[in-house]
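Trainee: I am new to this structure and would like to learn how to read it. Could we go through it together, one feature at a time?

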Amino acid sequence: MVKKTKLNRFVARILPWRIWVQVGFLFAWLGPFGLRLHNVCGPVFHCYACPLSTFACPIGIMAQFSAIHVFPFLAIGTVLAVGALFGALICGWVCPFGLLQDLGAKVPIKKFSLPLWTGYFRYVVLIGAVFVIPYLFGEGHPLFVCRICPAGALEKAVPDVITQAVTGKEIIWPNAVKISIVVAMIVAMFITIRPWCRVLCPLGAIFGFLNRFSVLSMRLEDHKCTACKRCRTLCAYGGAPDNDPNHHGCIRCLECTRCGPGALGVSTVFEGPAAPERVEEQQEVTN
Amino acid sequence: MAQSRRKTLVSITLVLLGVGLLAYGVAFHVINVHPKEDGAAAIETREPDAVRQASVGGLERDESGSVKQTYTGESPKACAT
């Protein structure tokens, strides 16, 4: 078994409650006390146009600042600091848009699997729709990230229409692009697991990239792995944690840590190399 | 061991870089924002305040390259997007 550190014992205890941890964080992002702290960027994907949002969306701020040609120190600093600490753990446990997709995935419909390589599109969205297009064409361009963002469509456009309908005001329908995005997102949420996170999320691209360098990381104890491939069955993303536990496409739901031999676990960079490496080091010293 | 130490160093450097950027943005970074009225003097705006204005779609870049508010008087409540 992987060395049962305090951290891994904690992970094993909390793992069955992941959805409730996500719900707990939702209360922070939805601002139950009507706080609108929009001069602070939250480290999650949550549209600041949402009537209940507490913090500013870092991706929206990066794009808006690119459009006015100003470096977004605050947004990039927040994402870099949080990502370098936790990697994509934020996606799996904290992000409200991830929770929404997880709930959608619970609907018992046959799910289609997306290949892992589709995760590279996230970098295209990050570089193109968040930085290059806003910088070159401003925020009016149809491919500006906020104009194609499903979080904005679901969290702003839909509540607006509902509010207008409930209060008896004239309903102002969102444009065709927004309606198409909402419909496509809802359908995709039911037929595949976390479609936005896997294929298009620019924030997930940053956190996923930082998986390899984060203080908190996944560790595979090679000498304990029996190659039973159970971790691959447990991975809803179709990943291969036994091959690359810190893959950029991993959202760190930590389900793979439930593998039978217990070869996979959570670790920090301060814990040093895994056991066989220590043996090799000792041999090197002896020689 | 060397690889492990290198990874630790990279991780800590990235965290410190992020905290440094965040601290600089909060404490020192100032943006010159011009009010919507033509000819009005630019206001030195701290980045957190600029973030708040950007989050409601309140900032744009004009043809001369300067950052300009998109509204006069009270800021919009939410971004139109």
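Predicted model: local features only at pLDDT ≥ 70, side-chain atom pairs only at ≥ 80, totals over all residues.

Trainee: Which scores does the model have?

Mentor: The model has an ipTM of 0.93 and a pTM of 0.90. For chain B, the mean pLDDT is 89, with 96% of the residues at 70 or more.

Trainee: How do I read the contact between the two chains, and how many residues does it take from each?

Mentor: The size of an interface is often given as the accessible area lost when the parts come together. Here about 3200 Å² is buried between chain B and chain A, and carbon and sulfur atoms give 70% of that area. On the side of chain B that touches chain A, the elements giving two or more residues are helix 1 (2–27), helix 2 (47–54) and strand 3 (59–61) of chain B. Helix 1 of chain B gives the largest share of that side, 16 residues. As for your count, the contact takes 36 residues from chain B and 41 residues from chain A.

Trainee: How many salt bridges and polar contacts are there between chain B and chain A?

Mentor: The count of salt bridges between them is 0. For polar contacts, 8 residue pairs are found across the interface, with both residues at pLDDT 80 or more.

Trainee: Now to a single element. Is helix 6 of chain A mostly enclosed or open, and why?

Mentor: In helix 6 (residues 96–105) of chain A, 8 of the 10 residues are buried, so the helix is largely enclosed by the rest of the structure. The buried ones are A:Pro96, A:Phe97, A:Gly98, A:Leu99, A:Gln101, A:Asp102, A:Gly104 and A:Ala105. Their cover includes helix 2 (18–29), helix 9 (150–166), helix 10 (176–191) and helix 11 (195–200) of chain A.

Trainee: I see A:Asp102 in that list. Which residue does its side chain meet in a salt bridge?

Mentor: A:Asp102 pairs with A:Arg194, at 2.8 Å from N to O. This pair links distant parts of the chain, 92 residues apart: A:Asp102 lies in helix 6 of chain A and A:Arg194 in the loop between helix 10 and helix 11. Both are buried, with relative accessible areas of 10% for A:Asp102 and 1% for A:Arg194. Together with A:Arg18, they are linked in a network of salt bridges.

Trainee: What does a salt bridge within one helix look like?

Mentor: Look at A:Lys156 and A:Asp160, whose side chains meet at 3.1 Å, N to O. They are 4 residues apart in helix 9 of chain A, and so are separated by about one helical turn. A:Lys156 is buried at 14%, whereas A:Asp160 is partly exposed at 25%.

Trainee: How many salt bridges are there over all chains?

Mentor: The count comes to 9.

Key
Residues numbered from 1 in each chain as written. Chains lettered and ligands numbered in written order. Heavy atoms only, no water. pLDDT = per-residue confidence, 0-100. Contact = heavy atoms within 4.5 Å. Buried area = accessible area lost by both parts, 1.4 Å probe. Salt bridge = Lys/Arg side-chain N within 4 Å of Asp/Glu carboxyl O. Polar contact = N/O pair within 3.5 Å; in protein donor to acceptor, adjacent residues only side chain to side chain. Buried < 20%, exposed > 50% of the residue type's maximum accessible area, 1.4 Å probe, protein only.
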